[in-house]
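Welcome, and thanks for taking a look at this one with me. Please open the view below and keep it beside you as you read.

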Amino acid sequence: MEEFLKSNGVQYEHHNVLEDKQALEDLRGRGIKALPVTIIDDSEVIIGYFPKKLIPALKLDVQVDLSGKTAWLADKYGKILDAAVRTTSQFTQEQLDALVPWRPWSLRDTVLHIMSFPEVAYLSHKVGSMSQEDMRASDDRLKPVHTAGQMAEYGSKVRGDIVAFLNSGNNETFDREVPAHYGGEVTVLELLNIILSHSTHHLKQVYHYMQTDLGLILDNPATEEDLEGIQTPEALF
């Protein structure tokens, strides 16, 4: 969002709510629970990276072209989900069932999360949302997916479905507005962009865990070229 505003000459104040307690309390007072958020003239509130609302609200003379973004997303999702599928083959069932050290998840939960969140984001164009309820329903559906082979099969299907969707050219569907736990009110395409970063961040965590905790040598991991352009937090954990 910052790059979008800067590139269009918008003067704005940026607040990191993890560090700016006053900004955090202001959002809480307004009942805002999702980020990013843009507040214009202390009255109009736009939740999420939402160009179709930001452009008229900020009176910008900008045209939004989705074609290049969908092609880029299709390419990146193909590479990241392929990398996640390849990674599953390196784990024993004992390793998949063991808890990771940074949260109360098994390694199976973590790797499956990398694959399942993109699916929930993609399905928002049919379901109409990516809520906590949608995510819990996904977890329930995936309970039978337990072995490395089952996970790889599932991840490959998700990859194929998302890439086909992004290559469909269905701009009306890409532009559908959905409420999402990640991003607030966003379009389906914007949500897929957010979740790409989310899954890539978790994939990087898994790579670190494999090398430092399991003593594994990464076999055909995602390359720097594959990761190029995908924004992830600087802190790994």
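1. A word on origin and layout. What you see is a predicted model, not an experimental one. The chain contains 11 helices and 4 strands. Of its 237 residues, 45% count as buried. If you take the contacts with a separation of 6 or more, 67% of them join residues 24 or more positions apart.

2. Setting aside residues up to four places away in sequence, Tyr77 touches Asp82, Pro118, Arg159, Ile162, Leu166, Leu192, Ile195 and Leu196.

3. Next, follow the chain to the loop between helix 4 (67-88) and helix 5 (93-97), where you will find Gln90. Is Gln90 buried or exposed? Gln90 counts as buried because its relative accessible area is 19%, and the cut-off for that word is under 20%. A polar atom of the Gln90 side chain lies 2.9 Å from the backbone nitrogen of Asp219. Apart from neighbours within four places in sequence, Gln90 is in contact with Gln95, Met210, Leu216, Ile217, Leu218 and Asp219.

4. Phe91 lies in the loop between helix 4 and helix 5 as well. Phe91 is buried, at 7% relative accessibility. Which residues does Phe91 touch, not counting those up to four places away in sequence? They are Leu96, Leu107, Val111, Ala148, Val206, Met210, Leu214 and Leu216. Met210 and Leu216 are contacts of Gln90 too. Phe91 and Arg108 are 17 residues apart in sequence, and their C-alpha atoms are 9.4 Å apart in space.

5. Now for the hairpin. Strand 3 (residues 177-180) pairs with strand 4 (residues 184-187) in the antiparallel sense, over 4 bridges. Glu177 of this pairing stands opposite Thr187 in strand 4. There are 3 residues between the two strands, and Gly183 takes a positive phi near 110° in this hairpin.

6. Asp175 is partly exposed, with a relative accessible area of 23%. Asp175 and Thr187 are 12 residues apart in sequence, while the C-alpha to C-alpha distance in space is 5.2 Å. Thr187 is also the residue that stands opposite Glu177.

7. Finally, take a look at a pocket. The second largest pocket has a volume of about 370 Å³. Its lining has 18 residues, and Trp105, His113, Phe117, Met135 and Asp139 lie nearest the centre. Helix 6, helix 7 (132-141) and helix 10 each supply at least two residues of that lining. Which helix gives the most to the lining of the second largest pocket? That is helix 6, with 6 residues.

Conventions:
Residues are numbered from 1 along each chain as its sequence is written. This is a predicted model: local features need pLDDT of at least 70, side-chain atom pairs count only at pLDDT 80 or more; totals for chains, interfaces and linings use all residues. Side-chain values use heavy atoms; hydrogens and water are left out. Two strands pair if DSSP finds at least two bridges between them. Buried means under 20% relative accessible area, exposed over 50%, partly exposed in between (1.4 Å probe, protein chains only). A polar contact is a pair of N or O atoms within 3.5 Å; within protein, one must be able to donate a hydrogen and the other to accept it, and residues adjacent in sequence count only if both atoms are side-chain atoms. Contact means heavy atoms within 4.5 Å. On a 1 Å grid over the protein atoms alone, a cavity is a set of points where a 1.4 Å probe fits but cannot get out, and a pocket is an open set with protein on both sides within 12 Å along at least five of seven lines; lining residues have an atom within 4 Å of a point. Grid points are joined across faces, edges and corners, and a volume is the space filled by probe spheres set on the points.
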